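This briefing accompanies a predicted model. Please read it with the sequence and the structure in view.

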Amino acid sequence: MSMTDPIADLLTRLRNGTQARKERVDCPWSGIKENIVQVLVKEGFVTEYSVVERGAGKDLRIWLRYDEKNRPAISGVRRISKPSLRRYVGAKAVPPVRGGLGVSILSTPEGIMVDREATRRNVGGELLCSVW
């Protein structure tokens, strides 16, 4: 059975894993999901990730980050652009997330990047999700 929105599945697995205080979560691998997780590692929302071979496919294994009081680094995620309704923004029109406390992840012609990087490079693109 095919999945209609694999990015939403990744975000849901991250949200559920942090709420359940899991050490790590696994999800089916795809190139765009790996790029999104790379951005989350760079921004400090997750510790690390690896690609694990399983049978005929691959999995993305993501280690979640918690602070010293066992509070998750990811307190919320929101899928913005969906398969049924795509949201595109220009370089100067990226909305702030939680007053600057979170980041928006964009798919641009120069790759997957966070909102402030897209603004710095002066590129717009599809607004995939927000993480705070």
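In strand β3, the residue that bridges to Tyr49 is Ile62. Ile62 is also the bridge partner of Val25, and it is among the residues with the most contacts inside the largest nonpolar core.

**Strand pairing**

- Strand β2, which covers residues 46-54, runs antiparallel to β3, and eight bridges join the two.
- Strand β1 covers residues 24-28 and strand β3 covers residues 57-64; these two are likewise paired in the antiparallel sense, over five bridges.
- β2 and β3 form a hairpin with two residues between the strands, where Gly55 adopts a positive phi near 50 degrees.

**Nonpolar cores**

- The largest nonpolar core is made up of 24 residues.
- Within this core, the residues with the most contacts are Leu14, Ile36, Leu40, Ile62, Ile105 and Val131.
- Two or more residues of the core come from each of these elements: the helices α1 (6-19) and α2 (31-43), and the strands β1, β3, β6 (103-108), β7 (111-114) and β8 (125-131).
- Another core, of eight residues, lies apart from the largest one, and its members include Ile80, Leu106, Val123 and Leu127.
- Ile36 touches Ile7, Leu10, Ile105, Ile112 and Leu128, when residues up to four places away in sequence are not counted.

**Arg79**

- Arg79 belongs to strand β4, which comprises residues 77-79.
- Is Arg79 buried or exposed? Its relative accessibility is 12%, and the limit for a buried residue is under 20%, so Arg79 counts as buried.
- The side chain of Arg79 reaches two backbone oxygens: that of Ser81 at 2.4 Å and that of Leu128 at 3.2 Å.
- With neighbours within four places in sequence left aside, Arg79 is in contact with Asp5, Ile7, Ala8, Leu11, Leu128 and Cys129.

**Aromatic rings**

- How many aromatic pairs are there? The count is zero, where a pair would require ring centres within 6.5 Å.
- The ring of Trp29 has the charged end of Lys58 over it, at 4.3 Å from the ring centre.

Note on methods
Residues numbered from 1 in each chain as written. Predicted model: local features only at pLDDT ≥ 70, side-chain atom pairs only at ≥ 80, totals over all residues. Heavy atoms only, no water. Phe/Tyr/Trp six-rings, centres within 6.5 Å; stacked < 30°, edge-to-face > 60°. Lys NZ or Arg CZ within 6 Å of the ring centre and 35° of its normal. Pairing = 2+ DSSP bridges. Helix = DSSP H or I, 4+ residues; strand = E, 2+ residues; numbered from the N terminus. Core = buried A, V, L, I, M, F, W, Y, C linked by side-chain atoms within 4.5 Å. Buried < 20%, exposed > 50% of the residue type's maximum accessible area, 1.4 Å probe, protein only. Contact = heavy atoms within 4.5 Å. Polar contact = N/O pair within 3.5 Å; in protein donor to acceptor, adjacent residues only side chain to side chain.
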